[in-house]
Amino acid sequence: MSKNRLGLLLLAGCLFLLAGCTPSGKKKTEEAADSGNRLLLGFAQIGSESSWRIGNTRSVQEAAGRHGIQLMMSDANQKQENEIRAIRQFIAYQVDVIAFVPIVEEGWENVLYEARNAGIPVILSDRQISDKIDENLYTTYVGADFYAEGQKAGEFLRKKAENSEKETFRIVELLGTPGSTPALQRKQGFHDVIEGDSRFEILESVSGDFLRSKGKESMEMLLEKWGDRIDVLYSHNDGMTLGAIDAIEKAGLRPGKDIVIITVDGEQAAVDLLKEGKINCVVECTPMLGDLIMDLTKKLAAGEEVPRVIHPDETMFTEYDDLSELPPRGY
Ligand code: AHR
């Protein structure tokens, strides 16, 4: 075992002692011996900007426990430089596998070369890196098909139009974090479906950075500018949608009626508002990636081949569906 790795295990052991924890009821010496044999996964998370993200962090932590994998998890507080620093620490500790959520697509070359030179396999979790970056710098991507999510949003809008007397639909769009895969692909998928259909016009697309507070602010600005010309809100996540709904109601308009609301994620709060008629369509994006990541970690550490891309199954929920039997969402 390397000095660094030994140092890490001693540090982890000290923290256990300080906290007085004996998680499995075993003697502390047995715990230390166990942890020395367990796989070590370094996971760089981007922060806690949404309930979705909090659910994603919980899924990874719980799955690590179930799979007996030791987890070093960092929270970058929405800053790419913090994520890069965390990945460098994982390399220094010689973790077995690195997983990280690229907050934006660009800017990962140097740190990924360092991981490759150290012989540590890398999993991209939830978001992807630019296709201009050498694709050999990571092994696999596990997460949603964001382009398909955007297409589903567009297809719902077409169905809504077919069931409506209205002839035109003027749309405002709340985008996610600029330069992130979900923002880029949810936009592209949606635009590709409605493009060329004269019933639809995009009035404006603005960023709300995946944050509820910014979703509200941006929607207030859009309402001020476009007023009751807005027929549809397409929002890239539920957090921003909840903020936008506050702004719409404050402006005296009825979400889901005066303005058609299409959102992505499928948090419990959004599904509840869909049932109340304040949202018309929720495109699902699951944060429950933990078990998939742990399976990949075990396979990569054992030198096994893994698929290049893994998309979890995802669906959508709309005002046309019977949602009475829908189980609790869990995030
Ligand atoms: O990358 C997934 C997106 O990030 C989710 O849609 C959003 O809620 C989160 O912040």
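**Salt bridges and a buried threonine**

Biologist: What relative accessible area does Glu-106 have, and is the residue buried or partly exposed?

Modeller: This is a predicted model, where local features need pLDDT of at least 70 and side-chain atom pairs pLDDT 80 or more, while totals for chains, interfaces and linings use all residues. Residues are numbered from 1 along each chain as its sequence is written, and side-chain values use heavy atoms, without hydrogens and water. Buried means under 20% relative accessible area, exposed over 50%, partly exposed in between (1.4 Å probe, protein chains only). Glu-106 counts as partly exposed because its value is 38%.

Biologist: Which residue meets Glu-106 in a salt bridge?

Modeller: A salt bridge puts a side-chain nitrogen of Lys or Arg within 4 Å of a carboxyl oxygen of Asp or Glu. Here the N to O distance is 3.2 Å.

Biologist: How far apart are the closest N and O atoms of Arg-186 and Glu-149?

Modeller: Both residues are buried. Side chains of opposite charge can pair when their charged atoms come close. Arg-186 and Glu-149 form a salt bridge, with those atoms separated by 2.7 Å.

Biologist: Which residue has its backbone oxygen 2.8 Å from a polar atom of the Thr-140 side chain?

Modeller: Thr-140 is buried, at 0% relative accessible area. Contact means heavy atoms within 4.5 Å. Leaving aside neighbours within four places in sequence, the contacts of Thr-140 include Val-306, Arg-308 and Val-309. The backbone oxygen at 2.8 Å belongs to Pro-307.

Technical notes: A polar contact is a pair of N or O atoms within 3.5 Å; within protein, one must be able to donate a hydrogen and the other to accept it, and residues adjacent in sequence count only if both atoms are side-chain atoms.
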